[in-house]
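I opened my notebook for a friendly walk through this one. Here is what I looked up, entry by entry.

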Amino acid sequence: MIRDIGYLKIMRTGPGTSVQDLGRVGFAQYGVPVSGGLDMRSLSWVNHLLKNKASDAVLEICQPGMKIQFDSPTLIYLAGTKAEIKLNEQLISSYGILEIQENDLLEIGAFLQGSVLYLGIKNGFQSEKIMNSRSWFTGITTSDFAKKGDQIPYFTNQEVPSYTASKAKWNFNRFAEGIIAVYPGPEWELLDHKSRILIESLEFTISNLTNRMAIQLTELLPNSIPEMATAPVFPGTVQLTSGGKLIILMKDAQVTGGYPRILHVSEEALSILAQKNPQQKIRFRLI
Amino acid sequence: MKPIFKQISPLISEFVWNSAISDELLQYQLSFKEQLQKEFGREIIELRMGFKTLSVNLAKPSVLPEIENWLNSSKPEESLLCLSEKIWQIPVCYSRDTGRDLELLAKHKSISQEELISKHSRSPYRLHFYGFLPGFMYLNGLPKELHTPRKSIPDRAVPVGSVAIGGSQTGIYPSSSPGGWHLIGQTPISLFDPNLAIPVFASAGERIEFIPVTIQEFEQLKRHPQKPNFR
């Protein structure tokens, strides 16, 4: 089958828009981060509903205030945050498959709940694949974050979606979830009794220092663990810095680190964390 | 030298050796890694190394008890591999123009710049693993006299190829990035190419030797890029 290439044109975007998929597995041995969607659950949902492959690439949008134009027909699906969406200047319900016609304009306004929106497209975005992944990362792919004027390729699709009576349900309750399930990290045992109690009982605040690499928490903890020999870290590793800061590593984090790794966030909880905004509160629950 | 086994999450576990960082420990780690891959290669998604650790990312958690059993019955001494004899020669231009902290660091150490350069380039360093940035080598073997605490305020941009000292370590920045190490020189060699199947040239266990070159040689190598040589 010959497929025609279409382009999504970025007319306006805030910082933090990128193409993401399941990420780069197997390249950490060369120092390459995993990358991939921050909220893997929403990313998978988008591909699932479009009947895409699980490995297809989507657009990850981390800031409201975005305007894009499609130059040829396709189907798209939005998930993740609850956002104000306009198609050709008409406010629409953001949850359902959208049929896109040539030159359609899509605007993403305020985020009402959550912090990361996923825009999936029929058959996935077709930007360059490097080391088995299309996920954008500085020094690996040509682009790291989308800028005004960028054009992202996709396959044109003329297929008419088959409608069913029921709309797929998406549970927004996860945005309210404040309990983060964690495993004790490799250096958990080195913490004194008091620090462990504090970690299990305190409420922590998501700080403004939040990006694709890490989420820093506001509250400080006493830290008496000495710095350690550099060791592997993963998305989900919670580091305790020498200054007592807690840093939760996300998908673009380095593959090794020298700070004690006191907790490890479960995979499901990492998707929940990814949707948190600065000032929101969380609690850790050890499993 | 048998490691301790720690499970971190259902799919991530770690082997830890409680001994000092050394060639011997690296030899044990690499031999252990080889054996693990041989035994459980199909169940393993990814292995990551640290100075005293080896972490395993599994495809499914059900293989964990088997790995623990295997560890209990393994005899690490019997399958010990030798470290590679390969030494990669990395040209470095040590100068004020290519390493902005060279002068200050020499002054701080009360030695001449020439002495600092000769101490830094005298013996080869052992490559233990990659981390921090794509293609960044964790090297062991910085002479004690050159150990220097990291900068309290990191530089916003360290030029690509910068050779630097931080704490008890030395390394080369494979790409431009923020960084808190003291910059003493720069290599014209490219350390990471994402378009290659294996994006780096050196493997864990091999050695890296810094060869001082003049600014003219540096400029020429920049204009006509070459792959690094080894001996």
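I count a residue as buried if 20 or more other C-beta atoms lie within 10 Å of its own, as exposed if 12 or fewer do, and as partly exposed in between, with C-beta atoms placed from the backbone. Helices (H or I, at least four residues) and strands (E, at least two) are DSSP runs, numbered from the N terminus.

The model is predicted, so local features need pLDDT of at least 70 and side-chain atom pairs count only at pLDDT 80 or more, while totals for chains, interfaces and linings use all residues. Residues are numbered from 1 along each chain as its sequence is written, and chains are lettered from A and ligands numbered from 1 in the order in which they are written.

**Entry: helix α3(A).** I looked up which residues of α3(A) are buried, and found A269(A), L270(A), S271(A), I272(A), L273(A) and A274(A). That is 6 of the 8 residues of this helix (residues 267-274), so the rest of the structure largely encloses it. For contacts I ask that two C-beta atoms, placed from the backbone, lie within 7 Å. The cover over the buried residues of α3(A) includes α1 (40-49), β8, β10 (179-184), β12 (214-220), β15 (245-249) and β17 (261-265) of chain A. Leaving out residues up to four places away in sequence, L273(A) touches I180(A), I215(A), I248(A) and V265(A).

**Entry: the core.** A nonpolar core here is a set of buried Ala, Val, Leu, Ile, Met, Phe, Trp, Tyr and Cys residues joined through C-beta atoms within 7 Å. The largest one has 117 residues, and L119(A), V265(A), L273(A) and I184(B) touch the most other members. I noted that β8(A) gives the most to this core, 8 residues.

**Entry: A110(A).** Buried or exposed, I wondered about A110(A)? It is exposed, because 10 other C-beta atoms lie within 10 Å. A110(A) sits in strand β8 (residues 105-121) of chain A. Beyond four places in sequence, A110(A) touches P64(A), A83(A) and E84(A). I also found 43 Å between the C-alpha atoms of A110(A) and M228(A), which are 118 residues apart along the chain.

**Entry: chain B against chain A.** The contact takes 27 residues from chain B and 24 residues from chain A. On the chain B side, β2 (12-16), β3 (44-49) and β4 (53-58) each give two or more residues.
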